[in-house]
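Please look over the chain shown here.

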Amino acid sequence: TTSVTVSGPGAITQTAVITRGARAKAVTYCSAKLTVKRAGVYTLKCTPSKAMRARLRGGALKLRVTTTFAPKGGKTTSSV
């Protein structure tokens, strides 16, 4: 669960990806999307599958979370 502050209406997308190492293929852990009508603080919740939770418990994994905000009529911004 992540809180995201946005400056106006638009779309918020968040994706969490896991990898086992530099050469391993990344796997999408979970993703969440939300369309907002005004500026404010919004909560996104990624709900991973049971299989993904088991994979996380099974070894040393890296989790990379990317949050993107695409405002109506503006420039898209992203953070990792």
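## A buried glutamine

The side chain of Gln 14 makes a polar contact with the side chain of Thr 67, at 2.8 Å. A polar contact is a pair of N or O atoms within 3.5 Å; within protein, one must be able to donate a hydrogen and the other to accept it, and residues adjacent in sequence count only if both atoms are side-chain atoms. Gln 14 sits in strand 2. Its relative accessible area is 3%, so Gln 14 is buried. Buried means under 20% relative accessible area, exposed over 50%, partly exposed in between (1.4 Å probe, protein chains only). Beyond its neighbours within four places in sequence, Gln 14 is in contact with residues including Thr 2, Cys 30, Leu 44 and Val 65. Contact means heavy atoms within 4.5 Å.

This is a predicted model: local features need pLDDT of at least 70, side-chain atom pairs count only at pLDDT 80 or more, and totals for chains, interfaces and linings use all residues. Residues are numbered from 1 along each chain as its sequence is written, and side-chain values use heavy atoms, with hydrogens and water left out.

## Fold and sheet

Helices (H or I, at least four residues) and strands (E, at least two) are DSSP runs, numbered from the N terminus.

Four strands form an open sheet, ordered 3-2-5-6, with antiparallel pairing. Two strands pair if DSSP finds at least two bridges between them. Strand 3 and strand 6 (77-79) are at the edges, each with a single partner strand, so one side of each lacks a neighbour in the sheet. From one strand to the next, the twist averages 15°. Strand 5 (residues 62-71) is joined to strand 6 by three bridges. Phe 69 is opposite Thr 77 in strand 6. Helix 1 (residues 50-57) lies across strand 2 and strand 3, at about 125° to strand 3. Axes are lines fitted to C-alpha atoms, for helices over the stretch in contact, and angles run from 0 to 180 degrees between N-to-C directions.

## Nonpolar core

The largest nonpolar core has 14 residues, of which Val 6, Ile 12, Tyr 29 and Val 36 touch the most other members. Strand 3 gives the most to this core, with four residues. Such a core is a set of buried Ala, Val, Leu, Ile, Met, Phe, Trp, Tyr and Cys residues joined through side-chain atoms within 4.5 Å.

Leaving aside neighbours within four places in sequence, Val 6 is in contact with residues including Ile 12, Val 36, Tyr 42 and Phe 69.
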